[in-house]
Structures are given as C-alpha cells and as structure tokens.
Amino acid sequence: MSLKSTLLGVVTTVAALVGAPLSAEDTVKLGVLHSLTGTMAISEISCKDATVMAIDEINAKGGVLGKKLEAVVVDPASNWPLFAEKAKELILTHKVKATFGCWTSVSRKSVLPVFEENNALLYYPVQYEGEEQSLNVFYTAASPNQQLVPAAEYMLEQGYKKFVLLGTDYVFPRTANKVLKAFLKAKGIPDSAIIEEYTPFGHKDYQTIVAKIKTLAQGGGACVLSTINGDSNVPFYKEFANQGLTSGECPIMAFSVSEDELRAMEVPPLVGHLAAWNYFMSIDTSENKAFISAFQSKYGKDRVTADPIEAAYYGVYVWKAAVEKAGSFDVDKVRAATYGIEFDAPGGKKKMDEKNQHTYKPVYIGEIKKDGQFKIVWQSKGLVKPDSYSAYLWPNGGFPAPTGGPKK
Amino acid sequence: MGTPTTAPESTSASTRTAASGGRAFGDRMPSPLSAFVRRLLIIALAVIAHLPALDLTGLASDQRPQRLAAIAAIGASREPAAAAFLEAYRLGNAFRLGERIVLVVDAADPATPLDPLSRAPLGAPVPRSQLVELEVSRPEIRAITGALTLLQLTNPDRAVRLPAVVKAGDVGGDTNRAALVQVLAGESDQSVAKAARESLALIELSLGTEAASRAAAATLLGEACSGRALGPLRTRAAEDPDPLVKTAATAAIADIERYQSGVRAAQTAFAGISAGSILIIMALGLAITFGLMGVINMAHGEMLMIGAYATLVVQWVFAYLPAPLQPYYFILGLGAGFLAAAAVGWLLELTIIRHLYGRPLETLLATWGISYLLVQTVRAAFGDNQAVVAPSWLTGGWEPVQDLVLPWNRLFIIAVTITAIALVWWVLNRTRLGLVLRATVQSRRTAASLGVNTRRIDGLTFALGSGIAGAGGCALTLIGGLKPDMGQEFIIDSFLVVAAGGVGNLWGVVCAGLGLGILNKVLEPWTQAVFAKVIVLVGIILFLQARPQGLFPPKGRLSDG
Amino acid sequence: MAEYPIDPRQFALTRAIAGLGWRGTLLGFDRRAPAIGAAFLLLAIPVFYAVGLLDLAQVNQLGRYCAIALVAIGLDLVWGYTGMLSLCQAMFFTLGGYAMGMHLAMQGPKDGKGVPTSISYVSSEVDGLALPWFWQPFAHEWFTLVAVLAVPAIVAGLFGWLAFRSRIKGVYFSIITQALTVALMTLFSLNLLKLGGTNGLTNFTHLLGCDIRTGEAKLALYWVSALALIGAALFAWWLTTTRFGRILVAVRDSEARLRFAGYQPVIFKTAVFTLAAVLAGIGGALYVPQTGIVTPSDMAAVPSIMVVVWVALGGRGTITGAVVGALLVNLIYALLTTHMPKFWPFILGAVFVSVVLFMPDGIVGQWRKLIAWAQRGKARA
C-alpha cells in the first residue's frame with residue numbers, strides 16, 4: 001500500500017513544480033534577475049526597481065508590438081549557483097524574451113553559459129572589467145575604457161604622480177588594476193610610484209592600509225584609485241578621514257561608489273573625493289529630472305538614482321527599441337536590430353555599438369558634495385566608444401572571437 | 001573592434017588647460033607648462049601687489065590664465081575677509097552680475113546678490129538668469145587652495161593656521177617661503193613655529209642655492225623627524241651635486257626612518273588592540289548566552305544588528321532636538337541598542353529557546369530560522385542603504401606624538417569594551433543576580449530547590465547577553481556600515497573568540513579577542529590582509545588542537561561538552 | 001520495531017489526526033513510505049520529462065538536488081548516527097566540485113597559451129598566465145576521479161584524526177570545522193592561488209567527450225545523480241545495520257564507555273568523517289557539471305549550516321530523512337525565491353522554527369512515530 005502514499009507525493013510535487021502560472025496570449029514575459037536578499041541586496045534592489053519601473057512605464061504606454069509586458073521578478077539571493085538555476089528557469093520554464101539582471105562579475109559568469117546554451121538575451125547594467133564579449137549579453141554599463149582610463153588620465157592631468165591601486169580581491173579590481181597599471185606605465189609612471197593592495201570581501205579593518213597610504217601621501221602628489229567593493233567602502237572612508245587624510249591631500253577616485261552607496265555613508269568627511277561614472281543624478285537636463293521624479297514618486301523621496309540604476313532602466317528601452325525595429329521578439333532578430341541603435345536615456349542620448357554588444361556612453365568625473373550628490377567636474381566630449389577587450393591588454397589586437405550567439 | 005584612442009583623445013581635449021601643475025611635485029619635477037604658469041603668477045603678483053583695494057574683476061575673465069592670476073592676487077592680498085570669499089567661490093557660490101562679482105548663497109529665484117567680501121546685500125533680488133556662475137574647475141580649485149593657504153597662514157585660529165603652514169611647505173615656492181618667514185617671525189605658538197621651521201627647511205632643501213644651507217635644512221628636517229621630508233631628502237641624497245648635502249640628507253633619512261618605524265610599531269600595537277576590542281565587544285554577549293548558558297544562538301549576529309538599527313532610530317529622533325544636543329545622540333544610542341537587543345533576546349528566550357534547553361542543536365536550527373526572520377523584518381522596515389552618522393566628537397583623531405594618529409572612534413570603542421567587560425564582571429560577581437545566575441548554571445536543580453526562579457534567571461541572563469551584543473552593535477556603527485545582514489559577518493568570529501577563549505570564561509574571551517586582534521594586525525603588513533585572515537583561522541584551528549577546550553577550559557557541568 | 005515514546009502535548013499533528021478519526025488510515029502506510037516514495041519519485045522524473053510534465057530546467061534542477069543530497073547522507077552518518085555536528089560538509093562538497101571543475105575547465109575553451117579561460121581571465125599578470133603545474137594532471141579523467149575521492153578524503157582524514165585525537169568534541173568540533181571551511185574559502189578566494197578567485201571555475205563544455213550542454217547529457221547526468229543518491233542511501237542504510245554502524249551509535253551515546261570497553265573511538269570517528277567527506281566530494285563532482293560553475297562561496301559558513309538544516313528537518317538518524325530534507329528544503333527554497341522573492345525568508349525562517357518546536361524528530365522521524373502510534377493503537381484494539 002505504500003504506492004498510495006507515493007502517488008500522493010508525486011502528484012503534489014509535480015503540481016508544485018508545474019505551478020508556474022500559465023501566461024495569457026497577449027503578454028510577453030521579461031525576466032528580472034537581481035538579488036533581493038543576501039549580501040548583494042543592498043545594491044541590486046535598486047536595479048530591480050529601475051527595471052520594473054521601465055516595464056511599468058512601457059505598459060502604461062501600450063506595451064511593445066501591441067503586447068503587454070510581464071515582469072517575472074525572482075530572487076537569486078546573492079547565491080551564485082542559484083543565479084544559474086533561476087536563469088534556466090526564466091528561459092525554459094517561464095520562456096522570457098529577455099532577462100535584465102546580475103551585478104557581480106561572478107553572477108554574470110554563472111549565468112553566461114545558460115544564456116549561450118539557450119540563445120537567450122541578458123541585459124547587464126553594471127560597469128565591469130571587460131575582457132568578455134558574448135553575443136547573448138548586452139552590456140548597458142561601462143567597459144574599462146569608458147571609466148577607468150579616463151579617470152586615471154584625469155588624475156595624471158591634475159598632476160598626481162603616486163598612485164595607490166586599492167581593491168577588493170576579485171576579478172573586477174584585478175582586471176581594472178591590470179588595465180590601470182598598463183596605462184600608467186605607458187604614461188611614464190614608474191613601478192615604484194604605484195602601490196597595489198587587495199583586501200578580502202567584507203573587509204572591515206583598514207587601519208594598516210590607511211597608515212600605508214598616509215606614509216605615501218606625505219609630501220603630496222598621491223591619489224587612490226579605488227575599486228573597493230560594497231560595504232567595505234564604509235570602513236575604508238571612515239578610517240581614511242579619522243586618520244586625518246582629506247581629499248585635498250590625497251583624493252580617492254572611486255569606481256564603485258555612486259549616489260546609492262553614499263546613502264549608506266557618512267558624507268561630510270568625503271567631500272571632495274571623486275568618482276568616475278557615465279551618469280550622475282546631478283546631470284542637469286529635463287529628461288533626467290523627469291526620470292528622478294518618476295523614480296522617487298514610485299519608490300520614495302529618499303531614494304536616489306545612480307549609474308547602474310540608469311543603465312538598468314534604459315536597458316529595457318534598448319530592448320523595446322530593438323524589438324520594434326525588428327518587428328519581432330525573436331532573439332536573433334532583436335540582436336541584429338540592436339547593433340548601432342540610438343536611444344534616449346535619462347542622462348542623454350546614447351548608442352549601442354555596431355559590433356561589440358556594449359554601449360557608447362559619455363564619461364563623467366564627479367566630486368562628492370555635502371548632500372551626497374556629485375558635482376560634475378569633467379566630462380568627455382561626446383560619447384566614448386566602448387572596448388570589449390582593453391587595448392592596453394591586447395596591444396596587438398587579435399582578441400578572442402565573441403562567444404555564444406545563434407544556435408548552429 | 002574598439003579603438004582604444006577614443007577616450008584618451010576626448011579626455012585630453014577638454015582639459016588640456018588643466019595641466020598646469022603648481023603643487024608640491026611641480027617644484028621637484030617642473031614641467032614647462034607649470035613653470036610658465038608660475039612665472040605668470042609672479043608677474044601678476046608683482047603688478048597687483050601695490051594696488052590698495054582687492055580687485056576681483058579678473059575673475060570674470062573668460063581667459064583661464066587671467067582668472068588664475070586673479071585668484072593668486074587675492075591670496076597675496078592678505079585680506080582676511082578674502083578667505084571666506086574664496087571658500088564660497090570654491091563651492092560655486094560666486095557669480096558675475098553685469099560687471100561685478102557677487103556672492104549668492106541661497107537657492108531662491110530671484111536671488112539676493114551679496115557683496116563678495118562684506119556679504120552685505122547689494123540691492124534688490126535679481127532673477128537667476130542674469131547671474132553667470134564663475135567657472136570652478138580643478139585648475140581654479142587648485143589655485144584657490146594655494147591662495148587660501150597663503151591667507152590662512154595669518155589666520156588667528158591655530159587650528160586653521162597649522163595645516164596651512166604645513167601645506168605651504170609641501171607646495172613650496174618663493175611666495176610661500178616669504179610668507180612663512182613672516183609667519184615664523186610673529187609666531188607665538190610652539191607647534192606652529194615648529195611646523196613653520198620644518199616647512200621653511202623643506203623649501204630651502206629644494207630652492208636653496210648654497211650647499212651649506214641645503215645641508216643645514218636636511219639636518220634640521222632629520223632632527224624634526226619630518227615624515228613629509230622623506231621624499232625630497234631621498235631626491236637630495238641621490239641627486240644633489242654637493243657631497244656635503246648628500247651626507248646630511250642620508251643621515252637625516254636614517255633619523256626619520258628610525259622614528260617612523262617606532263611610530264609604525266605603536267600604530268600596529270594600537271590597531272591590534274582596537275581590532276581586539278572589536279572582537280571582544282562582538283563576542284562578549286555570546287560569552288554569556290553561549291558560554292554560560294550553553295545556548296547556540298545563531299541569531300546572535302542579529303542582536304548586534306538590532307543594536308545598530310536602534311542607534312539609527314535614536315539618531316532620527318535626535319534630529320528633532322535642538323542642534324547642540326544632537327551630537328550626544330550616540331550615548332543614548334548605546335543604551336537604546338542595549339535595551340532593544342535585550343528586549344528581543346528576552347522575547348526570544350521566552351517564546352522559543354526556553355523550550356529547547358538541553359537540546360543545543362535544535363536551538364541552532366531554530367535560531368537560524370529566527371535570524372532569517374529578523375534580517376528580513378529589518379530589511380522590510382528600514383530598507384537598505386542607511387547610514388549612522390558618527391557624532392562630531394567621535395570624528396578625527398588624537399595625535400599624542402607627531403605622526404601617530406589614534407582615531408577617536410576606535411578609542412571610544414576601546415572604552416566601551418572596557419566598560420562592558422567591567423559591567424559584566426560586576427554583574428556576575430558582585431550582584432545577587434550574578435550569584436543566582438552562577439548557581440543556576442552550576443546546578444539548575446539545586447538552585448531551584450533553594451527557591452531560585454530559574455526560568456526567570458534564564459530569561460534575564462539571555463536578555464543581558466543579547467543587550468551587551470546590542471550595545472556592541474551600536475559601537476560597531478562607528479567603524480562599519482549598517483545593513484540588515486551585517487550580523488552574519490560577525491557571528492563566525494564571535495564563536496571563534498568564545499571557543500578559543502574557553503567556553504564560560506570572561507577572561508578567556510578578553511585574552512582570545514585581544515590575542516587574535518593583535519596577531520591579525522602584526523601579520524597584515526607582512527602578508528597583506530587576505531593572507532592574514534587565513535593564517536589567523538589556521539592558527540585558531542591548530543591552537544584548539546593543542547588546547548581543545550580553549551585558553552581557560554571550563555569546569556563543572558559544561559566540561560563534559 | 002522499536003517502540004517510540006509519545007508525548008501528545010508535543011505533537012499537534014498527532015492530536016489532529018486522532019481527532020479527525022484518521023488514525024486507521026495511517027495503518028495503510030508503511031514506516032518506510034517516505035524512503036520508497038522518494039526513490040520512486042526520483043526514478044519517475046525522467047518519465048515526467050518524457051511526457052512533457054517537466055521541462056529540462058526542472059530535471060536539471062532535481063539532478064543537482066540529488067547531488068546535494070549526497071552531502072546530507074554523509075552528515076547524517078556523522079551527526080545523526082555518530083553525534084558529531086560537522087559544520088564543514090559543504091567544504092568537502094566544494095573540494096570534489098573543484099576537482100571536477102578543473103577537469104571540465106581543462107576540457108573547455110582555453111586561451112592562446114592553453115590556459116582555461118576561467119583562470120586566465122581573472123589573473124592580474126599583464127603578460128598573461130602560464131598553466132600552473134597542479135592544473136596539468138586534471139586533463140586526465142582517471143586523475144580527476146582519484147582527486148574527487150582522494151582530496152576530500154585526505155583533508156577529512158587528516159583533520160579528523162588530529163581533531164579526534166585531541167578529543168575535540170561537541171560544540172568545539174562544530175566551531176573548529178566552521179573555522180576550517182571559512183579558512184579554506186578565504187584561501188580559494190585568493191587570485192594568487194590560480195583557481196579562479198571568487199569567480200571560481202566556469203565555461204564548462206565537455207565531459208568524457210560529450211557536450212554537457214545538450215539535453216541528453218543533462219538527462220544522463222540526472223540519471224547518474226539519482227542513481228548515485230539511491231545507491232549511497234542504500235549503502236549508508238546498510239552501514240548502519242552493521243557492527244560498524246552500532247559502534248557509531250555507541251560513540252554518540254557514550255563515547256567514554258566505548259573507550260572503557262576497549263575500542264578506539266578515534267578510528268571509527270575518523271573513518272565515518274572521511275566516508276562522509278567522500279560522499280560529499282562525489283556529490284560536488286556530480287553537481288558542478290550540472291550547475292556550470294563552482295565558486296569558493298560554496299565553502300562559506302552558510303551552505304554547511306544549510307546541510308545541517310536539511311538533515312534536522314528531514315529527521316536526523318534516519319538516512320531517508322537526510323535525503324527528504326535536502327530535496328524538500330531545496331525545492332521549497334527554489335519555489336519561494338521564484339514566487340515570493342520578497343517574503344521567502346519569513347516563510348523559510350518560520351518553517352525552521354516550527355519544525356524544531358512542533359516536529360522535533362524531523363519529517364521522517366515524525367512519520368515513523370505516527371505509524372508506530374497507529375500500529376500500537378491497532379494492537380490495543
């Protein structure tokens with residue numbers, strides 16, 4: 001009689017597995033794959049919010065090709081294998097037409113094979129280390145030459161001659177510093193004037209490292225290029241200020257500190273430090289103001305917009321524009337239509353590259369102000385063309401062919 | 001594919017004029033451009049120096065060299081009110097209104113133009129469209145910083161004057177030398193005078209034409225143990241044409257380095273004690289709930305988190321109080337952190353843990369579930385990205401000797417830790433509660449038969465342990481961030497400290513925490529932070545092999561493990 | 001059949017069943033029902049796939065859970081039967097996973113110098129990286145197989161022998177194992193180690209000459225995992241019925257008496273700890289090709305605690321419980337994170353707490369008690 005219990009179990013399990021609601025004919029599903037719990041929630045929730053807002057806006061204006069969009073929001077819970085599992089589920093079970101998500105490099109690497117295997121599309125909204133070009137990903141944020149190199153060049157022009165490359169020990173800082181070192185050497189900065197330091201994830205005690213920076217900063221001419229990630233920034237900047245260093249003596253140029261991160265920090269001691277991004281909330285255009293007020297009225301007055309939030313937001317519009325241009329939701333047609341497409345983003349007009357999946361973006365350098373906003377102190381002339389592979393690491397060209405793409 | 005030259009081209013095109021130099025390094029490695037600008041400044045100074053009133057019209061020029069010259073002229077004017085104007089200019093509050101330069105400090109439209117120096121209103125408000133903001137880019141900011149330094153050299157406030165004196169020496173140049181000589185002549189404050197002599201020697205080292213005066217400057221810098229002179233001295237020791245200067249510089253470098261290695265040792269010791277105090281404050285609550293009561297509370301980290309968020313709430317409440325009271329919110333935050341975590345702990349004991357005594361592993365599972373609930377509740381209630389702002393009296397540091405800065409926040413945490421240890425020791429050993437508590441831990445039945453309400457004692461003990469953790473969480477906001485799952489980062493270290501110290505022993509926790517903190521900080525400069533962490537963990541594992549029950553093995557009921 | 005003491009106050013479920021008069025219904029079931037049901041279900045999954053009830057993503061997902069459940073069986077032997085709460089089982093799992101991952105990476109795409117892309121990509125050498133020596137042998141299948149079994153076994157054997165010899169027991173053992181896994185995670189996260197840093201290893205394409213990205217390969221991997229799980233469960237169950245198994249229980253219940261009786265608990269403890277590590281290593285090796293990535297974060301403290309949670313929820317000391325707990329918690333977790341992305345921690349947390357309070361023997365333990373209670377009622381009637 002154990003068969004009876006077995007059958008009962010089978011039926012309930014299958015019911016649970018198949019329990020995903022069946023979609024109606026006139027909607028099209030889009031996956032949203034950002035961590036809502038766990039260590040990355042602090043950064044990724046805002047991206048999820050921006051993506052969902054874009055989808056709601058498009059629906060309010062009648063959808064895409066006459067179809068309403070349905071956001072399938074899942075929580076990969078800052079768990080890398082779970083990212084891959086959720087990606088499979090979104091593509092195969094929910095049959096989403098495109099997915100918007102991922103923050104950390106490892107989460108993108110985790111889902112990449114899934115998107116390539118199934119020839120699906122991922123829109124990735126965070127600046128990253130480059131050295132990658134998958135035909136199944138559109139990178140809506142900066143590649144290294146759109147953030148790192150202009151920032152280092154700016155510091156050189158300001159007359160800084162001693163560089164501390166400080167990062168969390170993972171791939172973005174490692175590759176970023178590889179690019180930065182190659183660039184600085186090409187500009188004649190000797191090895192002795194470059195310090196490279198890494199700390200583990202979640203590192204909280206920066207006493208030793210700040211003391212080291214302080215020694216280097218004596219006599220002036222030193223700056224920090226920081227790829228410190230996430231919540232380690234809070235103790236780092238606190239220690240920096242408390243040991244008596246200011247932006248006047250030794251500015252920190254950060255590549256991972258945006259308006260959203262500043263909310264979690266004590267801003268007054270940070271005034272004058274720098275950050276390089278492709279969007280700042282303080283960009284003074286009516287489109288940006290409209291975007292900010294829409295975001296704040298939807299999610300709360302205390303919320304801010306930032307570079308990855310903008311990229312997560314317009315990623316949906318890039319997809320929409322390409323679908324409309326292609327007249328189809330088919331992945332291969334959408335991909336072909338995306339190349340070279342121009343579009344309006346909150347921060348101004350942008351353009352997708354003709355060949356390499358990345359985005360033409362302006363580069364801004366901002367100085368932290370007392371109110372947690374950035375004052376733009378430098379901006380590139382026009383849009384900067386994205387590199388998928390850094391020319392500083394591949395001086396002779398010949399970098400690998402793109403991966404993924406249509407099924408053979 | 002990607003052409004790499006795009007970004008560099010666009011970068012240099014827009015800021016070519018920025019490459020002017022004029023900082024400390026400009027003196028050692030003069031580029032043709034910065035030399036040109038400096039010459040320009042000197043000419044401008046010479047022209048403007050004899051003018052009686054402050055002429056700001058140059059600031060309105062659309063030529064950057066003229067603007068920079070005008071800023072330099074303000075610096076040379078020694079006009080005290082000019083410093084405030086330059087600060088406002090730097091913040092983007094200076095505008096051109098017709099032909100005049102005005103200040104506008106409010107955001108209103110139409111805005112009230114103010115006199116740049118006296119800040120008296122200049123007539124009726126004007127619409128914003130008539131105001132043209134004066135450009136403040138990096139070159140202007142650097143010129144402003146230089147001019148401000150000059151102005152601040154004569155500031156009556158020592159706290160302003162001292163950094164300016166240091167900065168003037170770092171930047172160097174004839175203008176600063178002349179200004180420093182004047183400062184030194186009239187200076188009564190010992191430390192400012194010392195810094196001024198150091199700065200002058202520094203300038204003399206690079207600009208001095210006589211070998212003897214350069215050598216004297218090097219010797220003076222060596223005697224002053226001046227860390228900032230190391231770079232210039234090394235250059236002299238290697239490149240100076242005169243052997244006398246080379247010898248003096250080499251000797252001075254040796255002196256300075258000896259002093260600095262002493263400072264580094266002191267800094268490492270302090271860093272270790274500070275890291276240790278943080279480990280202790282994290283683990284102290286656990287030493288009570290786990291060490292004394294034997295409850296494996298996986299939600300202990302969340303008690304720290306609750307304390308931290310209670311501090312945030314106190315900070316919000318204090319924002320409504322008069323400004324002078326606000327910086328003291330932190331004292332109340334400590335108490336609020338203690339009470340909030342103690343309340344949650346007490347509730348937890350009452351509803352769940354009480355039913356699980358004697359079943360430590362079930363407790364583990366249940367408290368693990370509770371930690372999920374607490375984290376997500378806080379995330380839902382507060383959202384991510386909140387900041388506790390350290391009060392003004394806990395920012396910055398104390399410099400007991402030259403170059404050794406002990407941050408106030410870390411000193412404060414050490415004080416809180418010592419107080420907490422003392423409090424726990426006093427409660428356990430000097431109060432009736434402590435007596436009854438120890439009795440209950442040693443023999444629950446005997447204590448109960450003697451009329452002790454052991455259930456009540458359990459609840460109080462658990463609340464005390466949780467409360468200590470909550471106060472610790474409040475203190476930890478001074479060095480780290482605030483996020484709902486911050487507790488997860490502390491729980492493992494806390495358990496390790498308690499285990500290494502010996503379960504149930506207060507002094508074990510103190511010794512283990514301090515030992516681990518110091519070990520970590522001693523290792524870090526040699527091995528980098530990433531390896532130090534691994535080495536410490538392996539060290540603990542090996543230590544526990546040798547002493548399986550920690551530094552101070554427990555006796556009695558708990559010793560059977 | 002063993003007589004289970006019943007405390008009616010503790011079991012609301014028992015009361016409910018009695019109140020509804022369903023006690024008789026229970027007699028239709030066997031106490032082994034969960035085990036047979038689970039095995040049957042696992043074997044039926046490919047059928048569901050064939051008839052279109054499940055899609056490939058779901059089969060793949062279940063295949064991964066089968067691999068994970070091997071860890072739970074190992075922990076049940078170590079904790080449920082021997083009474084040692086190890087908090088580093090996920091570390092052995094990850095070690096096995098890395099061994100397999102290195103092999104897969106060697107079979108996958110490489111850069112110009114023959115270095116797998118997942119490690120050349122994260123290196124910070126400007127001039128690129130030469131293939132480290134310890135990577136070379138992983139090009140061979142036989143070496144990989146040995147490494148999958150031997151690496152966890154050696155780590156567990158060495159660490160276990162040292163720890164048990166020093167008589168590290170109880171919570172000390174738990175804490176020290178936790179320190180071990182965190183130390184190893186930190187070490188594996190280092191880019192210097194040339195194991196891919198925090199990004200771990202990825203870009204897997206082929207195993208034993210087959211393209212693992214195809215549907216057939218996924219189904220085959222499911223079969224291997226499901227059969228490995230059933231095999232391991234049967235082996236573990238057999239082990240507990242042997243003399244060795246009884247000694248393990250003796251270690252749990254009174255190690256001192258066992259020692260006085262002339263046994264060497266160290267040997268048995270080390271042996272069972274090593275066995276559990278090997279099971280975990282096999283699980284990891286099966287998990288990685290189905291997941292497509294292995295990272296050091298699997299060695300953090302939390303995954304190992306989750307293994308404990310599965311076993312506790314399923315019922316410790318019952319091999320079936322470990323399997324049921326692992327499959328069930330992972331399924332619930334997957335369903336909740338998809339369908340309730342914001343509220344799942346509340347539900348999962350509440351489940352943990354309620355299981356402890358209302359079902360202290362876990363699901364399978366509770367089931368067995370229910371059956372025993374029903375049968376006793378019948379005997380009385």
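Reply: Chain A has twelve helices and 15 strands, where helices (H or I, at least four residues) and strands (E, at least two) are DSSP runs numbered from the N terminus. Its radius of gyration, taken over C-alpha atoms, is 22 Å, close to the 22 Å that the globule rule gives for 408 residues, so chain A is as compact as a globular protein of that length. That rule is 2.2 Å times the number of residues to the power 0.38.

This is a predicted model, in which local features need pLDDT of at least 70 and side-chain atom pairs count only at pLDDT 80 or more, while totals for chains, interfaces and linings use all residues. Residues are numbered from 1 along each chain as its sequence is written, and chains are lettered from A and ligands numbered from 1 in the order in which they are written.

Along the principal axes, the C-alpha atoms of chain A fill a box of roughly 80 × 55 × 45 Å. Of its 408 residues, 66% count as buried, meaning that 20 or more other C-beta atoms, placed from the backbone, lie within 10 Å of the residue's own. Two residues are in contact if their C-beta atoms, placed from the backbone, lie within 7 Å. Among contacts in chain A with a separation of 6 or more, 72% join residues 24 or more positions apart.

The contact between chains A and B takes 62 residues from chain A and 59 residues from chain B. On the side of chain B that touches chain A, α1(B) gives the most, with eight residues.

Notes. A residue is buried if 20 or more other C-beta atoms lie within 10 Å of its own, exposed if 12 or fewer, and partly exposed in between; C-beta atoms are placed from the backbone.
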